[in-house]
Amino acid sequence: MEDLLRKNVKLNNGIDMPMVGLGTYKMTDPVEGANAIAAAINMGYRMIDTADYYNNQKIVAKGIEKSSKTREDLFITSKIWFTDQAHDDTIKAFNRILKELKTDYLDLVLVHWPSDKGTECYKALEELYNDKKIRAIGVSNYLEDDLKKLISEVDIVPMVDQVELHPLLPMVELQKFATKNKVHLESWRTMLNGEVAKIPYIEELAAKYETTPQAISLKWALQRGIIIIPKSVHEDRIKANATEINKFDLTKEEIQKINELGPETRLGPDPLTYGKEETK
Ligand SMILES: NC(=O)c1ccc[n+]([C@@H]2O[C@H](COP(=O)([O-])OP(=O)(O)OC[C@H]3O[C@@H](n4cnc5c(N)ncnc54)[C@H](OP(=O)(O)O)[C@@H]3O)[C@@H](O)[C@H]2O)c1
């Protein structure tokens with residue numbers, strides 16, 4: 001069976017991005033976090049997803065230092081928070097992020113949430129991309145209308161849109177639109193924070209394939225061509241999340257049935273309203 005930790009997707013600018021990475025949201029204990037990151041890298045994870053907002057970029061740097069790999073072996077993503085979306089603030093935040101991560105470039109930087117300054121932030125990322133300080137740029141939590149507007153206002157079509165996406169929020173229409181525009185979807189909270197086990201059809205499939213419900217939701221996203229970043233601080237889960245997905249393939253009908261499970265449930269903030277007050 002294919003080791004999916006080795007699998008890449010080609011982004012619209014030709015660079016390769018690993019399809020499976022480690023999420024780090026809420027990984028804020030320095031010892032636990034650095035150990036988790038080092039363990040993940042040592043078992044073959046090549047992509048780490050962080051964000052300025054997570055307040056753990058120094059922990060990510062420590063984890064990389066503790067691991068057996070070097071910076072160049074890895075793909076690191078960070079994100080620019082609402083408060084830094086004005087042009088000069090984005091550049092300043094980016095330079096600070098580099099220092100915290102102990103690196104002189106990033107593989108992917110995303111506008112963390114859409115706002116009235118999202119395009120200004122993205123244009124600053126375009127400059128950093130043109131200066132070769134970032135290998136790929138993109139957005140996060142952009143729905144179809146936000147993406148459409150951004151694409152009409154900027155020079156470089158975003159390479160990635162990272163959105164909440166799981167069996168109760170399959171984002172089928174957004175994926176169609178993104179694919180048509182060469183934007184690659186990346187999924188956050190794919191395992192519903194580990195709670196995906198509560199969905200009876202997911203449980204049924206886990207029993208059928210003798211695997212975990214978490215692996216069913218991760219593989220469902222991967223088979224749809226979506227990049228995943230499951231988060232855990234526990235070595236056994238970090239390993240299971242990356243290996244169980246190699247052991248089975250869902251059928252087309254099963255993928256379709258998960259797409260149609262409903263009712264649509266959003267666990268995180270709604271991009272249509274989140275932060276709109278903060279940016280005024
Ligand atoms: N762009 C955005 O706005 C945005 C928003 C949220 C998240 N993200 C990114 O996406 C990543 C993934 O999302 P997420 O962390 O919110 O959710 P997630 O990966 O779906 O779930 C993480 C939670 O599930 C638990 N877990 C992990 N593996 C498990 C397993 N095999 N069995 C049972 N429980 C398990 C973890 O606990 P333990 O750690 O205790 O194992 C943690 O509480 C984040 O870490 C972050 O990098 C991006």
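## Contacts with the ligand

A polar contact is a pair of N or O atoms within 3.5 Å. Keep that cut-off in mind as you look at this model, which is predicted.

Let's start with Arg-189. An N or O atom in the side chain of Arg-189 is 2.7 Å from an oxygen atom of the ligand, so this pair falls within the 3.5 Å limit and counts as a polar contact.

How much of the ligand's accessible area does the protein cover? On its own, the ligand has 900 Å² of accessible area, and the protein covers 88% of that.

## Where the ligand sits

There are 27 residues around the ligand, and Arg-189 is among those that come nearest, along with Asp-49, Ser-140, Ser-232 and Arg-237. As for the space the ligand takes up, that is the largest pocket.

## A look at Ser-67

You'll find Ser-67 in the loop that runs between helix H2 (57–66) and strand S5 (75–80).

Is Ser-67 buried or exposed? Its relative accessibility is 11%, and buried means under 20%, so Ser-67 counts as buried.

What does Ser-67 meet there? A polar atom of its side chain lies 2.8 Å from the backbone oxygen of Ile-64. If you set aside the neighbours within four places in sequence, Ser-67 is in contact with Ala-38, Ile-41 and Asn-42.

Conventions. Residues numbered from 1 in each chain as written. Predicted model: local features only at pLDDT ≥ 70, side-chain atom pairs only at ≥ 80, totals over all residues. Heavy atoms only, no water. Helix = DSSP H or I, 4+ residues; strand = E, 2+ residues; numbered from the N terminus. Buried < 20%, exposed > 50% of the residue type's maximum accessible area, 1.4 Å probe, protein only. Polar contact = N/O pair within 3.5 Å; in protein donor to acceptor, adjacent residues only side chain to side chain. Contact = heavy atoms within 4.5 Å. Near = heavy atom within 4 Å. Areas by Shrake-Rupley, 256 points an atom, 1.4 Å probe, with all protein chains shown as cover. 1 Å grid on protein atoms, 1.4 Å probe; cavity = no way out; pocket = protein on both sides within 12 Å on 5 of 7 lines; lining within 4 Å. Sits in = over half its atoms within 2 Å of the grid points.
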